[in-house]
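Open the model in your viewer and keep the selection tool at hand. The stops below are taken one at a time.

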Amino acid sequence: MAAMAAGDERAAAEVLRGLTRHLNCLNEDNKTTRKRALEAIKKETIDKGLHSAVLQEVFSCLLKSLLKCLSDPMERCRETAILIIGEFIRCVPQPEGSLVYLIPCLAQRLGGKEILEPAEELRLSLVEVLTLTVEVCGKQLAPYLDDVIKILQRTIVDPFPDVKRESCKCTVNFAKCVPEHFHMQAESLVKPLMQTIAHQHSRVRVSVIEATGAVIQHGTGKTVDDVLSHLAQRLFDDSPQVRKAVTLVVGDWLLHMRDRYSYFHKLLPLLLSCINDEIPEIRLLAADLWRQTGAQWEKENEDDIKDKLDFLLTPPPLYPAGAERPGLGCRELVVRNLGKLVPAIAHDVTDWLVPTRIKTSQLLPVLLLHAEDHCTQHLRLLLATLYRACGDAEGEVVANCLAAAKLLGTFVPPEVFLKLLLNHVDTSSSSSSSSSCPWAPLMVLAAVLGGCSGPLLTPHLQQIADTLAQPDVCLEYQQTSAVLRDSCSDLGKKQCSP
């Protein structure tokens, strides 16, 4: 072993003697001379395939000279120096020995108020060297946390898209390598990431979303609110890959974020919205992540829900045909957060942006399918929300809300929903001039009746018929006679059903 070490030292010394003239040439004024010297150094070291121990010794002696070349006026010289440094870091057995000089130099070139490297391709190469250094040095980079964060703050917002993407990749790797230190500076990366999340290139947006996931995952949790609105906007992104990235990140937070219980009510709508994505792959991915989230929550709270595990396995009667009943953990998560979710739905379903109203209306039936009979305690607000949404000019919004109303009929006892609904039908008919959609309660009533069980509804049919037969109701609803006919037809079917 000692003989091998001595042999490596002799080989390294011999290589360095051969490089002496080239190292001296790096200080020449002639740019061509400097370029040839760097090429010769590369040829005599990296290209020769020397033993790793020999390369380690040679690298230690060449490092300062190579780093000095990063500020060479000639772009080709800087390019070659970056290439040599990167190959050394990749090949030597102890690359962490270079960190004390390498990281401050990279911070000087990339992390200042004004980036010193003018060539975008070389900035990319420098960030790639940093990414490589993170991969091979791992936890050894902890003492250089401030410098690395300073670099990433600047390069994430670099004008060159490829630099942005590589910086995001480096951010993800760095967060995973030094999680016990990263959280101290994680917040400082949120602002540059959010400045870049709407970039015109979809691949950049994907990279930013992935980096945001790592920053929040390994951060203090204080900046979750700062990124949620930006991620919600990406659910409307034209690129399926961007929406898939959001799905993966939110699912990962729900499963692994340390303070996830505090943010369930804010994260659930994002993941559940992805269940209705137009791309089957994203729908399946979201559904799988949601199942995992529910199963994990169920396991973590097994003692609290052990009674329900035995008694809530049978679906309610008249459960929607073709609908897969969510697991108990998923249902409980929605139920426990429903008090915060329903007001948010009520607000967003009347948003001025059509895509937001559509996305919100799609989410409402999903929530009700999970809440089942627990939606009864929020019935007044849910009905008010449905009335407003049924006056929407977008047919898709109306259709989604009527589907939600049908679920109310399935899960809420008729004596409960009729007490509110029939009163609203009667009141709305007498005050239609002040309402933009006076017939909305009748539309909702028809949908709710469509979801209700015939035997449960039978005792109330006369009360419903009497309300619909009132002259004021019939007169005011002439313009929606089709809805009235459908409602009456529904009554007849319920009467005839067993």
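This is a predicted model: local features need pLDDT of at least 70, side-chain atom pairs count only at pLDDT 80 or more; totals for chains, interfaces and linings use all residues.

Residues are numbered from 1 along each chain as its sequence is written, and side-chain values use heavy atoms, with hydrogens and water left out.

Select residues 99-110, which form helix α5. Helices here are DSSP runs of H or I, at least four residues, numbered from the N terminus. From first C-alpha to last, the 12 residues of α5 reach 16 Å, close to the 16 Å expected; the expected span is 1.5 Å times one less than the number of residues. Now colour the buried residues of α5, among them Leu102, Ile103 and Arg109. Buried means under 20% relative accessible area (1.4 Å probe, protein chains only). These buried residues pack against α3, α4, α6 and α7, where contact means heavy atoms within 4.5 Å.

Next, select Phe174 and Phe182, an aromatic pair with 6.0 Å between centres and 80 degrees between planes. Rings of Phe, Tyr and Trp (its six-membered ring) pair if their centres lie within 6.5 Å, and planes over 60 degrees apart count as edge-to-face. Phe174 is buried, at 0% relative accessible area, and Phe182 is buried at 0% too.

Last, select residues 354-371, helix α18. Since 16 of its 18 residues are buried, α18 is largely enclosed by the rest of the structure. After α18 comes Glu372, with a positive phi near 50 degrees.

Note on methods:
Helices (H or I, at least four residues) and strands (E, at least two) are DSSP runs, numbered from the N terminus. Buried means under 20% relative accessible area, exposed over 50%, partly exposed in between (1.4 Å probe, protein chains only). Rings of Phe, Tyr and Trp (its six-membered ring) pair if their centres lie within 6.5 Å; planes under 30 degrees apart count as stacked, over 60 as edge-to-face and the rest as tilted.
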